[in-house]
Amino acid sequence: MIKRSRLFGGKTRVTFCLPEGEPGGTVSVVGCFNGWEPGRHELVPRRNGTRSVSLPLAPGRYHFRYLATGGVWLDDEGADAVIDGLGGRLDL
């Protein structure tokens with residue numbers, strides 16, 4: 001699930017959220033906004049039973065995927081589009 005909220009200065013806070021434990025292990029969101037670097041934006045467990053991380057992003061188009069322990073890649077159907085080979089796309 002992806003949540004968006006407008007910030008001052010034209011940026012948007014994008015919150016990437018997954019259920020806790022699905023998939024198991026550590027999960028990071030990786031994309032063109034962080035050089036596709038695993039571990040840089042790791043989803044953190046929340047009290048409501050989810051894991052999430054929020055990023056302030058400037059207007060633009062972003063591609064991303066989730067990377068879980070063991071090299072498991074996941075796409076988010078909540079993205080503006082899911083493109084084979086590129087993962088999810090956000091248009092901000």
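Thr15 is buried, with a relative accessible area of 14%; buried means under 20%, exposed over 50% and partly exposed in between, with a 1.4 Å probe and protein chains only. The model is predicted, so local features need pLDDT of at least 70 and side-chain atom pairs count only at pLDDT 80 or more, while totals for chains, interfaces and linings use all residues. Residues are numbered from 1 along each chain as its sequence is written, and side-chain values use heavy atoms, with hydrogens and water left out.

**Exercise 1. Find the strand that holds Thr15, and its polar partner.**

Step 1. Thr15 belongs to strand β2. Strands (E, at least two residues) and helices (H or I, at least four) are DSSP runs, numbered from the N terminus.

Step 2. Its side chain makes a polar contact with the side chain of Ser54, at 2.6 Å. A polar contact is a pair of N or O atoms within 3.5 Å; within protein, one must be able to donate a hydrogen and the other to accept it, and residues adjacent in sequence count only if both atoms are side-chain atoms.

Step 3. Not counting residues up to four places away in sequence, Thr15 touches Met1, Ile2, Lys3, Ser52, Val53 and Ser54. Contact here means heavy atoms within 4.5 Å.

Step 4. Now try Thr12, also found in β2. Thr12 counts as buried too, at 4% relative accessibility. Among its contacts beyond four places in sequence are Arg4, Leu55, Pro56 and Leu92.

**Exercise 2. Work out the strand order of the open sheet.**

Step 1. Four strands form this sheet, in the order β1-β2-β5-β4, with antiparallel pairing. Two strands pair if DSSP finds at least two bridges between them.

Step 2. β1 (2-6) and β4 (44-45) are the edge strands, each with a single partner, so one side of each has no neighbour in the sheet.

Step 3. Between β2 and β5 there are eight bridges, in the antiparallel sense. Within this pair, Val14 stands opposite Leu55 in β5.

**Exercise 3. Which residues have the most contacts inside the largest nonpolar core?**

Step 1. A nonpolar core is a set of buried Ala, Val, Leu, Ile, Met, Phe, Trp, Tyr and Cys residues joined through side-chain atoms within 4.5 Å. The largest one has 17 residues, and Phe16, Val29, Phe33, Phe64 and Tyr66 have the most contacts inside it.

Step 2. Two or more residues come from each of β2 (12-19), β3 (27-31), β5 (50-57) and β6 (61-68). β6 gives the most, with four residues.

Step 3. Look at Phe16: its contacts beyond four places in sequence include Val29, Phe33, Phe64 and Tyr66.

**Exercise 4. Are the faces of β3 covered or uncovered?**

Step 1. Five of the five residues of β3 are buried.

Step 2. Val27, Val29 and Gly31 lie on one side, Ser28 and Val30 on the other, and both faces are covered.

Step 3. β3 pairs with β6 in the antiparallel sense over five bridges. Here Gly31 stands opposite Phe64 in β6.

**Exercise 5. Describe the whole chain.**

Step 1. The chain has zero helices and nine strands.

Step 2. Its radius of gyration is 13 Å, close to the 12 Å that the globule rule gives for 92 residues, so the chain is as compact as a globular protein of that length. The radius is taken over C-alpha atoms, and the rule is 2.2 Å times the number of residues to the power 0.38.

Step 3. Finally, 37% of the 92 residues count as buried.
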